[in-house]
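Welcome, and please keep your viewer open. We will go from one selection to the next, with a word on what to look for at each stop.

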Amino acid sequence: MTNRQSEISIFDQLLDHTKEINTLHMKDLFKNDPDRYEKFHLSAAGLLLDYSKNRITDKTLTLLIKMAEECHLKQAITDMFTGKRINTTENRPVLHIALRNRDNHPILVDGKDVMPEINRVLDKMHSFSDKIRNGSWLGATGKCITDVVNIGIGGSDLGPKMAIDALYYYKTDALNFRFVSNIDGTDIVETLKKCHPETTLFIISSKTFTTQETLTNAKTARSWLVEKLGEEAVSKHFVAVSTNTEGVRSFGIDPENMFEFWDFVGGRYSLWSAIGLSLMIAIGYDRFIDMLEGAYEMDKHFQEASFDQNMPVLMGLLGIWYTTYLGAESYAVLPYDEYLSRLPAYLQQLDMESNGKSIKKTGKSVDYKTGPILFGVAGTNGQHSFYQLIHQGTHLIPADFIAPIYSLNETGDHHDILLANFIAQPEALMKGKTPDELKAEGVKDELIPFKSFEGNRPSNTILFDKMTPRVLGALIALYEHKVFVEGVIWNIDSFDQWGVELGKQLAKAILPELKNKNQILEHDSSTNALIKIIREKRLK
């Protein structure tokens, strides 16, 4: 990151401060400050964040908070919550926060309150989900629904899929939930093998009702149903989450069974909207509202807390510190809860699609590192795969460790062992192990270099009592706002995703070329060769 003095006056101070930090070891920081945990932890919305195991001092936080102030973060937060068009490249407000506005205060877009329409759709979801859950919605042959298949992609798939897994403990036993997203025909074919047409409901989730992968899978599902039950069955077995009334109608879905959402809701922020219909059916309306309440509690904390006591702000500032100043290129999210096993994949989209940008809002290229590569799996599985690299590799990889104090499935010593590992890993990453300690243990000299751990590897620890809808809502909102904070300071638009478009456009051009041996190819030599090989084998 260079030449930003004119944009952020604190830049030089932070850059100089990295030299100080690089001479310090966290182990010594703890030794020299017995109150380090007390200073570097806080609680909000049912979550406890311990950020004491980070390569920071009081001075680091002071400088980072000053940077946030100079980037007008407070005003940016206000702008988002009041419906300003902060998605600048698409000229749209960003109002997923309105979807969980539980005190129902007016939120205006161009002078119009969006809350009545949000509440109308929420009520419509409530009525429909109750009918599926209590068996009063019947399929074309008069049978109750037993399988709900969500067909979508991106946020229309990752959000509800992650949340249903996270809240599986609360899911109704009367229904099975399945998700289809991949254009690979195997996804839809293997899913349909598990379903019966008379008892299957399909939710087609596509804002525009034109998304190629979603519509292709939806048409395959429709053909499967029509072949077994006839054309008239479609309206009883398909509903849509969309804004395209004509597209929905022409598909054969009654527009009365279309659940709207809005341009001010981005796909990766859409779980709180009608995209969460499958989740509401799974856990029920009341628990869905509990999830919204948890997110709203985190929203209020984010709006109201001072920066030095603000959980999303502090996590965002730490992300900036490691990525932009200390050179970290990746970031691990490690949930020690099997129910949260899909959380890293969900956060991959949230973080990498939002902040994987190299152009500032001014239209100029950035000259500093932005969004990191996010990865992770549920503990303790990761300990037996990639933790080796985090502990002893050459990369600096900050990590978030997440766990419930109480398991929803207490069984023998399982949760105690899980928590012991959860606590031990951040401690090991922080402390490491020196050659002198190994020698004192009697380790052979020739093995000491291999068994030494540098330590000084940073992590956050997030604890909560147990996995509930309210906790899940707060946790997702925490990461949403963290990503927002980073985007504001990097001066990028976290709410567009133009980078996904070019590949889609090229794929549409290549598709007819794959189906016609005689079509002239005008790509590069590699692309031409690959198309020819595939055509020769598939078009025999």
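A term for the tour: a residue is buried under 20% relative accessible area, exposed over 50% and partly exposed in between (1.4 Å probe, protein chains only). The model is predicted, so local features need pLDDT of at least 70 and side-chain atom pairs count only at pLDDT 80 or more, while totals for chains, interfaces and linings use all residues. Residues are numbered from 1 along each chain as its sequence is written, and side-chain values use heavy atoms, leaving out hydrogens and water.

Start by selecting Leu 47, Met 67, Leu 472 and Tyr 479, which touch the most other members of the largest nonpolar core, a set of 126 residues. Such a core joins buried Ala, Val, Leu, Ile, Met, Phe, Trp, Tyr and Cys residues through side-chain atoms within 4.5 Å. Helix H20 (residues 469-490) gives the most to this core, with 14 residues; helices here are DSSP runs (H or I, at least four residues), numbered from the N terminus.

Next, pick Arg 470 and Glu 297, whose side chains meet in a salt bridge at 3.6 Å, N to O. The term means a side-chain nitrogen of Lys or Arg within 4 Å of a carboxyl oxygen of Asp or Glu. Arg 470 sits in helix H20 and Glu 297 in helix H13 (residues 285-304), so the pair ties together parts 173 residues apart in sequence. Glu 297 is partly exposed, at 32% relative accessibility.

Finally, select Lys 53 and Asp 50, another salt bridge, with the closest N and O atoms 3.9 Å apart. Is Lys 53 buried or exposed? Lys 53 is buried, at 15%, and Asp 50 is buried at 10%.

Conventions
Helices (H or I, at least four residues) and strands (E, at least two) are DSSP runs, numbered from the N terminus.
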